[in-house]
Amino acid sequence: MAKKRRTQPQAAARSAQDGPVPVVGAREPCPCGSGRRYKACHGRSAAQAVTELVRRPFEGLPGECDWVALRELVPAATVPLTLKDGLPEGVPSVTLATVLPMAWPALRRDDGSVLIGLQNDTSSGDLSRDLADTLRRALVAEPGTPVTAGRPDADGPRLQDLLDTEAPFTPEVHTGFEFWVENADQASAEVAASLERANAAALPTARIAGLEGAYWCEAPGKNHLRWVTAHPEEQLLDALARLHAAGESSLGEDTRLVGSFRAHGLVVPVWDLPSSMSAEDVTAPAVAFGERLAKALADGSPLTSEERRARGGLTNRQVTLS
């Protein structure tokens, strides 16, 4: 006698509900009608969608290289943001900040303006979606209150959906974090202490004029130039190898291309500079290097043996931050 075939949970789920499945508690019965707990049914795919890593979260936004630099390299900077649908009533401005006091994800000031922190831990694998969720909640927060961390919906909007992608993205680098408060002399003791700690830890940093994603910083013993680029990785490494083999990868006397790292899907070459070399001093050499790099990027010929060795050295020194 043939055994009675059991109805498969997936089939039951499809017949019970063909539309979107509401989000419920992990241990609650799944609303699809499968009879299983949500976390073992539709909650599994929802969790995977939220945690899946987006390799280039800022792709499609103006100034992608600067977004990455402000996330990973720059201590104190701000950028005015333009919303696609305009500012809501009662919100005079929205500003991106590298970091906010007490590592708040966002802050709604007393005047209704919004500050969004970029250098915060996030709850999903899509930094753009996390920041968009924080922005939406900040726009409706009570004036004078910080916005706490949250977890975005797997299908929630991203920054690319909320921001005007035609608007310019021009960071302003600050020497300290006084932009946190409208009047530093009237800051609370907690905020004042956080401000003092942040200012003491920040390395002097400057944006290289005319070069998107290029930032000079002063560090103990030597200075650095770190340049976030949007060129395809393999093509960029070939070009850097050509210049390195030809002795054209430096930025002047006592400077050296020491390697690169990856951050948010982009490659960031790094140069060591002498401690006497300021941001102003490195600007002209960096611009000249950019011109040499453009020619090397356009060269599609096979690498020579010397260039391959140079490429191997660069690749061996490469690390990934995110």
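A residue counts as buried here when its relative accessible area is under 20%, and as exposed when that value is over 50%. With that in hand, welcome to a quick tour of a predicted model.

**Helix H9**
- By that cut-off, the buried residues of H9 are Glu-307, Ala-310, Arg-311 and Leu-314.
- These four sit on the same side of H9, because they cover an arc of only 100° around the axis.
- An α-helix has 3.6 residues a turn, so residues three or four places apart point the same way.
- Turn to the other side of H9 and you will find Arg-308, Arg-309 and Asn-316 exposed.
- H9 has 12 residues and reaches 17 Å from its first C-alpha to its last, close to the expected 16 Å.
- Its buried residues pack against H7 and E10.

**Helix H7**
- H7 spans residues 233–245, and its 13 residues reach 18 Å between the first and last C-alpha, close to the 18 Å expected.
- Among the buried residues of H7 are Glu-233 and Arg-242, along with Leu-236, Leu-240 and Leu-243.
- The packing partners of the buried H7 residues are strands E10 (256–263) and E11 (266–273), plus helices H8 (279–298) and H9 (305–316).
- Just after H7, Gly-247 adopts a positive phi of about 70°.

**The second largest pocket**
- This pocket holds about 330 Å³ of space.
- Its lining comprises 16 residues, with Leu-107, Asp-110, Trp-180, Val-181 and Glu-182 nearest the centre.
- By type, the lining divides into eight nonpolar, four polar and four charged residues.

Note on methods:
Residues numbered from 1 in each chain as written. Predicted model: local features only at pLDDT ≥ 70, side-chain atom pairs only at ≥ 80, totals over all residues. Heavy atoms only, no water. 1 Å grid on protein atoms, 1.4 Å probe; cavity = no way out; pocket = protein on both sides within 12 Å on 5 of 7 lines; lining within 4 Å. Points joined across faces, edges and corners; volume = space filled by probe spheres on them. Nonpolar A, V, L, I, M, F, W, Y, C, P; charged D, E, K, R; others polar. Helix = DSSP H or I, 4+ residues; strand = E, 2+ residues; numbered from the N terminus. Expected span 1.5 Å × (residues − 1). Buried < 20%, exposed > 50% of the residue type's maximum accessible area, 1.4 Å probe, protein only. Contact = heavy atoms within 4.5 Å. Arc of directions from axis to C-beta.
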